[in-house]
Structure formats: C-alpha cells, structure tokens
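Subject: Structure handover

Hello,

Here is the structure I promised to pass on. My notes follow below it.

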Amino acid sequence: MKLSLIVVLFTIILKLNAQSWQVSEMSPLPEPISNNALTAATVNGIPYVYSFGGIDSTKTSAGIHLRSYRYNTQSNSWSSIAALPDTMGKIAAAASTVKNRVYIIGGYYVFPNGSERSSDHVHRYDPETNTYLSDGASIPVSIDDQVQAVWRDSLIYVITGWSDFGNVSNVQIYNPASDSWSTGTPVPPFNNYRSFGSSGVIKGDTIFYFGGASSNGPQNFPIQNALRIGTIDPNNPTQISWQDTILNNGLTGYRMAATAAGNYLHWIGGSGQTYNYNGLAYATGQGVPPNNRNLYVRA
C-alpha cells in the first residue's frame, strides 16, 4: 500500500476500553520481574504464557537472572520451569513461538563493572516436554531490545535493536525449520528507523513497529514517535519495502507490549521516557512511571 493510503486507513484511538476489552487481574508472577522475554504456547490444549529471564525488584545488575516461569491460563497458576541455559543472567531478550516451539533470542548482559554486552544466543524450548533443546544457530549480529515478530508461523524477523555500541539497521530472519539465518532488507539507516526498545507485530505480510529510543543525538537516548511499516514480499520474504509515518507528534512509547487482535494493532503499557535497566530515566536519573495505556490502530 502507498503511504498516503496507509495514513488514511489508520485511525488512532486512545481509549482504555478499546474494543470493549475487559481487563482482569490474574495470579501474579512468583516474583516481580521486568525486562523479561514473554510468549505463549499450548500444551494439551491449554494455553500457557511463558516468562524467561529479566531483572528482579533490586533493579541492580546482580538482580539480572535466568529464572523462568509458565502460567496455566486454565488453572490461573504459575509454576517454575528450568532456567534459561545461559552462563549469566540477561535482560531485553525476546521470545517467539513458531509451530508451538519457543525461541528466545538475544538480550544483554550487565557486568559488575557496569559494562554491557549483547547476546547472540538462540535458546530453543519445547513446551510439550517442558525442556530446552540445544541452542539454535547464533544470530549473526548480536542484539538486544529488538523488534521481534513471526511471519506465517514459519519465520522469525529480528528487526533493528541495539548491538553492543548502538542501534543497527539489520533485519535478521531466522528459519526454525532449517535452523538458519538469512538477511532481510535492512531498515533505512536513519534516526527514525533505527531503534531500541521499540515493539511491533507482523499482520499478514506487513511489519509494524512503533516507538523506542534513538541512539543518535543527545546521550539521553530520546524517545521516538514513528510508526514504521515494512511490506514483505511473500515470494521472497527477505525483500521488504520500508516506509514510516507519524500518527501524532505527541504519541511516543518505550518498551511497550505489542500484539494484534482482529483488525487492530495494540501497543500496551510501556513508558513515556527512555530508561536504563535499573528503571532510571536516561535524561533525569529519576524513576520512570509506567503508562496505563492501550494505544491501538486499525489496520
């Protein structure tokens, strides 16, 4: 679709009762966790939600861990599963489910001296046996805080994100069936496309990702307000046509949850300021409040 048509077709709505959703508080995680990797899978017909790694309530580098859990939506209960099979705790990884198998990709480590390093690991987890398999092929460009989404229950797209020293334009495509990586058309090498802490989905053959933080310009990593749109060529899924638009200059978001439901794309929660792993804003060094928001657009 042409950009002008996309702008016309997208309607931005800022109501918390979007699509007459009903929000209920369910059983809490066994411990407070943030910056964890989340996905869902089905076991014996029961949908489960999975949480891998993250940082605990200490908000210190020592509180970054590999502990993992699963939530039974039928019994409304959490249980521990084996920890991620890595050598030290990490945050800002992303998890995706393809053909009911889970893939946890990237993330970053924070060392006692404060230095950080992006991960190139691909952990594979089988929900039906509740066990980890051997790691998949390493991601070519180590990554964290990436956009990660699944195309046609077959390919995982890892889009932009932070790699050790800054945001990258890479689009890295993982094929779980062959345990192999291919290179997609990169996002344009501009500040409004390169991002960490943005989030998105693939609906049909179109990638949508919104918000995040820029690693260019001031050192406080300014928050972003662009919706980026990538059209995948179904005959050659490595070929992507990129464009972007601004839904509203005042709409921003960082580390939001993203999902598609019916004809709508949702960005839920997150924050209105960019912040470090310890929850302190880059710009002010103060704590960052969460957004109580369901931002959604109609595709």
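**Strands and sheet**

Asp 233 stands opposite Asn 236 in S21. That pairing belongs to a hairpin formed by S20 and S21, with two residues between the strands. Please keep in mind throughout that this is a predicted model.

S20 covers residues 227–233. Strand S21 covers residues 236–245. Seven bridges join the two, and they run antiparallel.

What does S20 have on its other side? Strand S19 (residues 206–210) is joined to S20 by five bridges, again antiparallel. Thr 206 has Thr 231 in S20 as its bridge partner. Ile 207 stands opposite Gly 230 in S20.

Put together, this is an open sheet of four strands. The order is S18-S19-S20-S21, and the pairing is antiparallel. S18 and S21 are the edge strands, each pairing on one side only. From one strand to the next, the twist averages 20 degrees. As background, strands of a sheet pair through backbone hydrogen bonds, either parallel or antiparallel.

Is S20 enclosed or open to the outside? Five of its seven residues are buried, so S20 is largely enclosed by the rest of the structure.

**Aromatic rings**

The structure holds 19 aromatic pairs. In one of them, the ring centres of Trp 162 and Phe 196 are 5.3 Å apart. Their planes stand at 80 degrees, so this pair is edge-to-face; the cut-off for that label is over 60 degrees.

Where do the two partners sit in the chain? Trp 162 lies in strand S14 (residues 162–163). Phe 196 is in the loop between strand S17 (180–184) and strand S18 (199–203). The pair therefore ties together parts that are 34 residues apart in sequence.

Both partners are covered. Trp 162 is buried, at 16% relative accessible area. Phe 196 is buried too, at 3%.

Now compare Tyr 174 and Trp 181. Their ring centres are 4.9 Å apart. Their planes are at 45 degrees, so the pair counts as tilted. Tyr 174 is buried, with 0% relative accessibility. Trp 181 is buried as well, at 17%. The limit for buried is under 20%.

**A nonpolar patch on the surface**

Which residues form it? They are Trp 21, Val 23 and Ile 268. Together they have about 280 Å² of accessible area. Ile 268 is in strand S23 (residues 264–268). At 31% relative accessibility, Ile 268 counts as partly exposed.

Asp 145 sits in the loop between strand S11 (131–132) and strand S12 (147–151). Is Asp 145 buried or exposed? It is buried, with a relative accessible area of 8%. Asp 145 and Gly 54 are 91 residues apart in sequence. In space they are 12 Å apart, C-alpha to C-alpha.

Val 158 is in strand S13 (residues 155–159). Its relative accessibility is 1%, so Val 158 counts as buried. Val 158 and Ser 198 are 40 residues apart in sequence. Their C-alpha to C-alpha distance is 12 Å.

**Two positive phi angles**

Most residues other than glycine have a negative phi. Two residues to look at here are Lys 59 and Asn 130.

Lys 59 has a phi near 55 degrees, a positive value in a residue other than glycine. Lys 59 is placed in the loop between strand S3 (46–55) and strand S4 (64–72). It is partly exposed, with a relative accessible area of 48%.

Asn 130 has a positive phi of about 55 degrees, although it is not a glycine. Asn 130 is in the loop between strand S10 (122–126) and S11. Its relative accessible area is 29%, so Asn 130 counts as partly exposed.

Best wishes

Methods. Residues numbered from 1 in each chain as written. Predicted model: local features only at pLDDT ≥ 70, side-chain atom pairs only at ≥ 80, totals over all residues. Heavy atoms only, no water. Phe/Tyr/Trp six-rings, centres within 6.5 Å; stacked < 30°, edge-to-face > 60°. Buried < 20%, exposed > 50% of the residue type's maximum accessible area, 1.4 Å probe, protein only. Patch = residues over 30% accessible without salt bridge, like charges linked within 9 Å, V, L, I, M, F, W, Y side chains within 5 Å. Areas by Shrake-Rupley, 256 points an atom, 1.4 Å probe, with all protein chains shown as cover. Salt bridge = Lys/Arg side-chain N within 4 Å of Asp/Glu carboxyl O. Pairing = 2+ DSSP bridges. Axes fitted to C-alpha atoms, helices over the stretch in contact; angles between N-to-C directions.
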